[in-house]
Structures are given as structure tokens and as C-alpha cells.
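Hi,

Here's the structure I said I'd pass on.

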Amino acid sequence: MSTTHETVQIGRFLSVSELFGPTLQGEGLSQGMPAFFVRLGLCNLDCRWCDTPFTWDWTGKNGYAYSKQIELKRMSVDDVFERIMSSAACTPWLPS
Ligand code: SF4
């Protein structure tokens with residue numbers, strides 16, 4: 001079976017653009033709370049206002065064609081989880 005869109009998660013793997021943290025949430029109802037961000041790639045919504053086209057725009061629709069090979073890394077869900085947990089363990093102000 002073929003699909004027209006790639007999927008962010010295939011099996012137990014993710015297309016990861018960025019892992020960032022620990023940090024503090026800067027907006028919304030959880031502002032000021034400890035946070036770890038997992039930015040995924042391959043979004044297929046093509047929003048006009050997108051500020052992260054480097055995670056999905058390989059054709060230059062937003063003015064610049066990014067390289068999927070450079071911008072995304074295939075990581076297992078377990079490896080992402082490990083990065084989050086090791087980050088929390090090194091940061092006493094975060095709950096572990
Ligand atoms: S803003 Fe960008 S990443 Fe977010 S849903 Fe729209 S196209 Fe996807």
C-alpha cells in the first residue's frame with residue numbers, strides 16, 4: 001500500500017527536527033513549568049504562517065528549499081524518551 005504523505009511516526013521511530021530542554025514553558029496555561037520540547041518533522045498542513053518550514057518544506061514553497069537529510073533525524077521512540085529522562089535526571093528542579 002502506498003500513501004501520498006509520509007508519516008511522522010513509522011513503527012517505533014520518529015522524524016525528529018529538534019530535542020530541546022530542559023527549559024521552562026514560556027507561554028500558555030503551563031507558563032513557567034518545566035518543559036522539554038520534541039519538535040517533529042514532516043507536517044503536511046502547509047500553513048501560510050508557518051515559522052518552522054525547515055521541518056517540512058523540501059520544495060521551497062516558503063521561499064527556501066530545506067534538506068530533509070540535514071534537518072531531520074530518524075530516532076526511535078525509546079531514544080527520544082531516554083533523552084528526555086536523562087535531561088530530567090540532570091536537572092534537580094525538574095520532577096524525575
Ligand atoms: S504551523 Fe507549520 S508545522 Fe505547524 S501545523 Fe502549520 S505547517 Fe505544520
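Below is what I found, starting with the ground rules.

This is a predicted model, so local features need pLDDT of at least 70, side-chain atom pairs count only at pLDDT 80 or more, and totals for chains, interfaces and linings use all residues. Numbering starts from 1 along each chain as its sequence is written.

On the fold: the protein chain has 2 helices and 4 strands, taken as DSSP runs (H or I, at least four residues, for helices; E, at least two, for strands) and numbered from the N terminus. Along the sequence they read β-β-β-α-β-α.

Strand β2 (residues 13–24) pairs with β3 (residues 34–40), antiparallel, over 6 bridges. Pairing here takes at least two DSSP bridges between the strands. In that pair, leucine 24 is bridged to proline 34 of β3. β2 also runs antiparallel to β4 (residues 73–76), with 4 bridges, and there serine 15 has arginine 74 of β4 as its partner.

Around the ligand you'll find Cys43, Leu45, Asp46, Cys47, Cys50 and Thr52, going by a C-beta atom, placed from the backbone, within 6 Å.

As for burial, 8% of the 96 residues in the protein chain are buried, meaning 20 or more other C-beta atoms within 10 Å of their own. Of the contacts (C-beta atoms within 7 Å) with a separation of 6 or more, 49% link residues 24 or more positions apart.

Cheers

Notes
A residue is buried if 20 or more other C-beta atoms lie within 10 Å of its own, exposed if 12 or fewer, and partly exposed in between; C-beta atoms are placed from the backbone. Two residues are in contact if their C-beta atoms, placed from the backbone, lie within 7 Å.
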